[in-house]
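Keep the structure open as you read.

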Protein chains: 4
Amino acid sequence: MVNVGIVGATGYAGEELIKILLRHPGVKITYLSAKIDKPIPISEIFGYLKGRLEIICELPDYKRMASLCELLFMALPHTVSMEMVPYLLKENLKIIDLSADYRLRDIKNYEKFYNVKHKSPQIIKEAVYGLPELYREKIKKAKLIANPGCYPTAGILGILPALIADLIETDSIIIDAKSGFTGAGRKPDLNNIFSEVNENLKAYKVNIHQHMPEIEEQLSRFSKKKIKINFVPHLIPLNRGILETIYLKKKDKKLEVKEIISVYKRFYKKEPFIRIYEEKKFPQIKDVLYTNFCDLGFYTKAGEDLLIVIVAIDNLLKGASGQAVQNFNIMYGFNERESLL
Amino acid sequence: MVNVGIVGATGYAGEELIKILLRHPGVKITYLSAKIDKPIPISEIFGYLKGRLEIICELPDYKRMASLCELLFMALPHTVSMEMVPYLLKENLKIIDLSADYRLRDIKNYEKFYNVKHKSPQIIKEAVYGLPELYREKIKKAKLIANPGCYPTAGILGILPALIADLIETDSIIIDAKSGFTGAGRKPDLNNIFSEVNENLKAYKVNIHQHMPEIEEQLSRFSKKKIKINFVPHLIPLNRGILETIYLKKKDKKLEVKEIISVYKRFYKKEPFIRIYEEKKFPQIKDVLYTNFCDLGFYTKAGEDLLIVIVAIDNLLKGASGQAVQNFNIMYGFNERESLL
Amino acid sequence: MVNVGIVGATGYAGEELIKILLRHPGVKITYLSAKIDKPIPISEIFGYLKGRLEIICELPDYKRMASLCELLFMALPHTVSMEMVPYLLKENLKIIDLSADYRLRDIKNYEKFYNVKHKSPQIIKEAVYGLPELYREKIKKAKLIANPGCYPTAGILGILPALIADLIETDSIIIDAKSGFTGAGRKPDLNNIFSEVNENLKAYKVNIHQHMPEIEEQLSRFSKKKIKINFVPHLIPLNRGILETIYLKKKDKKLEVKEIISVYKRFYKKEPFIRIYEEKKFPQIKDVLYTNFCDLGFYTKAGEDLLIVIVAIDNLLKGASGQAVQNFNIMYGFNERESLL
Amino acid sequence: MVNVGIVGATGYAGEELIKILLRHPGVKITYLSAKIDKPIPISEIFGYLKGRLEIICELPDYKRMASLCELLFMALPHTVSMEMVPYLLKENLKIIDLSADYRLRDIKNYEKFYNVKHKSPQIIKEAVYGLPELYREKIKKAKLIANPGCYPTAGILGILPALIADLIETDSIIIDAKSGFTGAGRKPDLNNIFSEVNENLKAYKVNIHQHMPEIEEQLSRFSKKKIKINFVPHLIPLNRGILETIYLKKKDKKLEVKEIISVYKRFYKKEPFIRIYEEKKFPQIKDVLYTNFCDLGFYTKAGEDLLIVIVAIDNLLKGASGQAVQNFNIMYGFNERESLL
């Protein structure tokens with residue numbers, strides 16, 4: 001039994017972690033904290049936990065984290081983790097950080113896109129980027145996981161096999177992303193209220209979203225060139241799910257969709273959470289909702305420049321908490337699918 | 001041309017007033033104000049007004065209201081109007097107040113349910129309750145209209161004909177009300193954000209909602225007894241619309257639904273915005289959406305105690321701004337349906 | 001390992017059964033059938049099952065059901081089960097029937113409300129009504145379970161403790177029910193399409209819904225009188241969940257809400273899926289969604305006639321497939337919560 | 001007063017035409033027909049028309065159309081108009097056809113994408129493509145208007161100014177389109193039911209949608225080359241609205257967004273329904289909903305290849321019935337905005 005804590009337990013990612021970990025036979029939740037006014041039973045915040053998890057959600061306290069837990073899931077807003085992590089690592093805790101604070105090796109990009117000075121830059125190089133499909137071996141031995149962002153998870157998984165197989169031009173990558181509203185977090189804001197979001201649809205942060213450098217950095221690691229992408233996220237009136245429609249330019253116009261599909265199948269052949277669709281079939285959010293799967297579909301034709309990759313994930317699972325538990329399972333030698341099906 | 005202003009122009013009711021009044025051939029909008037940080041063109045707040053209404057939304061200023069307008073629509077949160085109205089009446093402005101501040105003759109009830117001391121109680125008796133179906137003659141001459149609440153509009157219109165015809169017991173009235181989310185106003189609040197409201201449904205303020213005394217006072221005016229009702233409002237994940245399912249006890253079990261329907265038809269026979277459904281047909285929100293209609297359907301059987309009345313309105317039109325313009329049309333001698341069809 | 005089949009696997013209840021049973025350590029799904037054109041892998045119908053359940057969904061065939069399964073979940077439209085069940089019982093299969101075909105002891109009511117002649121009336125008395133909170137001991141030994149309807153589950157669980165404790169009048173029970181749209185089944189119909197349902201809300205089958213006699217029959221079994229109820233269901237634009245607001249008349253006006261709550265707590269004290277809310281707190285659909293819980297909240301005051309009980313369930317879980325698996329767990333001696341948390 | 005009829009009055013476009021034309025001071029609706037079982041008052045189909053439009057919706061009958069109307073709006077499924085139009089033109093009716101039957105000059109494309117032989121090809125050249133921003137002078141004198149599709153309206157208006165100003169490459173146009181669900185028509189279909197669409201999101205007809213050749217043909221008319229586009233439509237769980245995110249490649253990398261904006265402003269400077277957004281602002285569906293506006297926003301930077309144009313319209317207004325009435329206003333010399341604000 002691994003004693004784990006969740007810091008930031010009342011946000012959407014924290015809540016989802018509670019749900020998954022309650023099903024996990026190798027885990028005991030021993031600590032919950034959040035930015036709240038005073039300690040309160042978690043079952044008063046999430047009514048459906050009544051009779052299932054009767055512990056107190058506390059105010060964050062390093063000492064109690066260290067004394068009660070072996071591993072911490074940190075589901076905090078960006079720029080908060082970087083203050084807490086150095087202390088916690090010293091106390092020998094393992095950490096899976098769902099924020100962006102340790103995802104970017106390039107500190108300048110972090111400071112530009114998150115508009116803040118990094119407070120523990122020395123630790124960044126210790127962090128392993130927690131995308132199992134790319135870094136499983138490093139994850140096994142990691143003490144600090146930088147759990148990927150929701151958009152980057154879908155984007156990187158959708159582009160990388162074609163990039164590594166050298167099938168696409170690297171200077172004209174376009175990601176048109178559509179996200180459900182939990183992606184915006186549990187924050188009171190006039191733009192977030194139901195009657196403003198319902199029956200509406202909009203693009204936001206057009207080509208300036210903070211997840212862009214994360215995708216670019218990961219793609220660049222597997223390419224000879226520094227890769228720049230174009231990224232337009234849209235907010236959709238549904239609770240969960242991300243669909244990314246990715247437009248790529250083939251190096252060889254003659255390439256057919258069957259060949260693409262077989263490249264992706266080979267790349268992901270042992271992956272427990274990647275599903276490749278056959279020609280003319282495309283993923284939809286419904287098929288990945290409440291699962292940790294990442295589904296991929298493809299369009300191209302011999303003679304056409306364009307390769308279209310459509311990727312679907314549940315933003316709170318493969319895009320956040322599900323992936324965090326997948327990483328946890330890898331770190332502790334559990335079956336990678338444990339509690340994720 | 002009547003020069004009108006809207007105070008509280010950025011809330012849902014204020015926005016709806018702008019939309020209606022822009023279509024009104026006898027109205028010029030000459031003033032807009034709201035609780036904002038600094039003056040800003042209204043078309044920057046509501047993008048769709050670009051090219052249609054290019055005036056500045058200002059911070060509230062009594063003097064400018066008085067100098068620019070002949071009549072003011074006040075679409076403010078409760079407890080704000082009562083500070084402004086005494087001054088404005090002195091300046092000879094006519095006022096249609098969409099807040100609750102002058103709806104209740106019984107000041108004690110106001111102070112209990114709105115939890116605040118009334119600041120201009122001397123003015124309450126000057127106000128006419130702006131439900132045209134009951135008070136049309138008084139509205140014609142009114143200087144201050146207390147525009148009814150959304151739930152009370154539906155509830156009173158649904159119950160009153162049976163009450164006045166002495167068909168129902170007065171001690172067992174139950175209103176089960178369902179409201180779209182604009183009824184909660186444009187307010188940032190953790191409970192109002194999309195992902196909390198979408199795919200959820202709940203009752204709130206069970207039998208303690210502040211619209212109860214308003215319904216009770218109006219019903220009591222037409223009854224020999226002081227009437228107490230039971231009222232359970234529910235929040236529904238849709239933008240607009242109210243459906244009230246009203247449970248009444250017939251005095252005479254033998255009464256058939258056809259007789260009920262003919263009583264209501266007679267009561268409302270000249271009303272431009274009331275529609276009575278035939279037996280076995282019931283109103284739905286879709287049929288009143290974006291209209292000022294109030295639709296009524298009925299269920300009972302000879303031999304059964306219960307009479308069920310189902311009422312549907314658009315909460316922002318017949319439940320707020322549409323009714324306000326209906327009152328305006330009556331006050332100024334326009335066709336009562338002007339700009340409301 | 002119990003080999004089970006699902007007949008009607010492609011409807012909402014059948015789909016939900018697949019999801020639950022895939023998590024169940026004591027179950028193997030060995031047979032699926034549905035009214036389809038030709039056999040097809042279930043993972044082509046429900047894309048998210050790819051890689052998780054790779055069996056063929058067949059056309060219904062009694063012989064294969066009998067040879068491949070020990071128990072059948074029958075998730076069929078009403079009036080279909082009653083043709084198949086006699087044969088299957090003879091083949092010694094156990095059956096959990098989610099349709100209404102064996103729920104009503106009173107055949108006349110069945111034939112009136114479902115508008116069809118019953119084809120196996122001799123079997124009705126063998127069926128156990130599958131509400132564990134009332135009939136757990138009988139369920140243990142049952143060969144045929146008539147799994148309750150969604151509205152009746154919430155209604156009966158909300159009323160029965162007060163009825164059995166003789167706290168309420170039996171002639172003035174009102175249930176105002178609100179249901180998500182999966183309750184209408186997976187049927188193509190002009191009234192069911194997204195743009196007709198979204199942003200709409202309506203009552204339907206006012207006091208003539210086929211679930212009324214089911215509630216009345218169960219309540220009457222525990223009362224000296226034959227009980228008649230009033231029942232108004234409403235369709236809400238959300239996928240899942242039922243909220244019932246139940247209006248009851250207390251026999252003793254002096255009764256306080258605390259006393260009511262303690263009666264319900266005592267009644268349900270050992271129940272694994274019933275949660276009683278404290279005074280002034282009320283259940284919402286969000287808190288039971290994707291769970292098998294039934295949550296109950298209460299309003300009344302000393303001096304008032306009315307007792308309001310608010311009940312929330314997930315219509316596809318406690319209202320259908322979750323309850324079916326709860327019954328299965330009881331029949332086979334599994335922990336009653338197995339795969340339902 | 002122009003006597004007009006609506007053929008296909010019960011679909012979404014037909015319904016919207018009724019709503020608009022009821023407000024139009026120069027129009028009398030004298031005829032309605034639809035594919036229905038028997039004649040029925042239109043107010044029984046659309047309850048909200050009670051007391052507003054009390055005419056019978058009939059079965060289609062050429063003679064009655066010709067004797068009762070001067071102009072017909074035909075809001076029929078594709079491939080139906082082409083049978084009726086030749087007869088009606090002979091009877092001297094003017095026709096605004098909302099279907100695709102006369103939109104494509106290239107009959108081969110029509111027959112390929114609509115999968116049917118054209119039945120009145122001789123008439124195609126008489127039809128004027130009803131996009132007022134391009135063909136206003138021809139529309140004035142037209143007898144047959146081929147009213148544009150919803151996706152093409154947004155796509156053509158978004159691309160054409162840059163194309164005509166020769167600012168973009170013509171071989172790499174990508175339209176990522178998102179549409180509300182009324183775009184799918186009022187058709188019973190298992191994929192269209194609420195619980196399948198709600199909380200889902202998917203791409204469909206990836207690069208094979210029948211609106212592609214329509215966009216390509218119109219763009220090609222204004223270009224030296226035959227233009228091929230890439231087009232990926234997505235279905236969004238909202239009732240109305242289209243948002244298109246268009247990815248274009250600039251011929252001159254140095255071009256700044258301000259220059260683009262001024263090209264578009266000049267192109268559309270007299271247009272009553274086009275609104276150009278300033279730099280860093282982008283349209284959203286909410287701002288065009290229930291209006292006939294087409295809003296346009298832009299992203300690019302000096303040094304970047306990509307120009308992103310975001311376009312929003314209401315699919316039932318500027319994308320269908322609003323545009324049809326705009327064409328009607330032009331044909332009959334009404335103010336072009338009449339009944340459309």
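How many residue pairs are in polar contact across the interface of chain A and chain D? The rule finds 22 residue pairs, with both residues at pLDDT 80 or more. That cut-off applies because this is a predicted model, in which side-chain atom pairs count only at pLDDT 80 or more.

## Where chain A meets chain D

Start with the residues that take part. The contact draws 34 residues from chain A and 34 residues from chain D. A:E199, A:L201 and A:K286 supply 20% of the area that chain A buries against chain D. That is more than any other three residues. The size of an interface is often given as the accessible area lost when the parts come together. Chain A and chain D bury about 3,100 Å² between them. Carbon and sulfur atoms account for 61% of that area.

Side chains of opposite charge can pair when their charged atoms come close. Between chain A and chain D the count is four salt bridges. D:K286 forms a salt bridge with A:E196. Their closest N and O atoms are 3.9 Å apart.

## What lines the chain A side

Which elements give two or more residues to the side of chain A that touches chain D? They are β9 (173–179), α8 (194–197), β10 (202–203), β11 (229–235), β12 (242–249) and β15 (306–313) of chain A. The largest share, four residues, comes from β9(A). By class, the residues on this side divide into 18 nonpolar, eight polar and eight charged.

A rotation of 180° superposes chain A on chain D. The shift along the axis is 0.0 Å, and the RMSD is 0.0 Å. The same surface serves both copies. In numbers, 100% of the contact residues of chain A recur in chain D.

## Where chain D meets chain B

Now turn to another contact of chain D. Here 19 residues come from chain D and 19 residues from chain B. The area buried between chain D and chain B is about 1,600 Å². Carbon and sulfur atoms give 50% of it. In chain D, the residues that lose the most area to chain B are D:Y48, D:K50 and D:R52. Together they make up 29% of what that side buries.

How many salt bridges does the rule find across the interface of chain D and chain B? It finds zero. There are six residue pairs in polar contact between chain D and chain B, with both residues at pLDDT 80 or more. The side of chain D that touches chain B has six nonpolar, three polar and 10 charged residues.

## The axis between chain D and chain B

Chain D can be laid on chain B by a turn of 180° and a shift of 0.0 Å along the axis. The RMSD is 0.0 Å. That is the relation of a two-fold axis. In chain D, the C-alpha nearest the axis belongs to D:E199, 4.5 Å from it. The same surface serves both copies, as 100% of the contact residues of chain D recur in chain B.

## Salt bridges over all chains

Over all chains, the count comes to 78 salt bridges. One pair to find is C:D176 and B:K178, which form a salt bridge. The closest N and O atoms of this pair are 3.0 Å apart. The pair crosses between chains. C:D176 is in strand β9 (residues 173–179) of chain C, and B:K178 is in strand β9 (residues 173–179) of chain B.

## Two open sheets

In chain C, eight strands form an open sheet in the order β3-β4-β2-β1-β5-β6-β8-β7. The pairing is mixed. Why is one side of β3 (40–41) and of β7 (128–129) of chain C left without a neighbour in the sheet? Both stand at the edges, each with a single partner strand. Two bridges join β7(C) to strand β8 (residues 144–146) of chain C, and these strands run parallel. C:V128 stands opposite C:I145 in β8(C).

In chain D, seven strands form an open sheet in the order β10-β11-β9-β12-β15-β14-β13, with mixed pairing. The edge strands are β10 (202–203) and β13 (274–276) of chain D, and each pairs on one side only. β10(D) and strand β11 (residues 229–235) of chain D pair in the antiparallel sense over two bridges. D:K202 stands opposite D:L235 in β11(D).

How values were computed: Residues numbered from 1 in each chain as written. Chains lettered and ligands numbered in written order. Predicted model: local features only at pLDDT ≥ 70, side-chain atom pairs only at ≥ 80, totals over all residues. Heavy atoms only, no water. Contact = heavy atoms within 4.5 Å. Buried area = accessible area lost by both parts, 1.4 Å probe. Salt bridge = Lys/Arg side-chain N within 4 Å of Asp/Glu carboxyl O. Polar contact = N/O pair within 3.5 Å; in protein donor to acceptor, adjacent residues only side chain to side chain. Nonpolar A, V, L, I, M, F, W, Y, C, P; charged D, E, K, R; others polar. Pairing = 2+ DSSP bridges. Least-squares fit on C-alpha atoms with pLDDT ≥ 70 in both.
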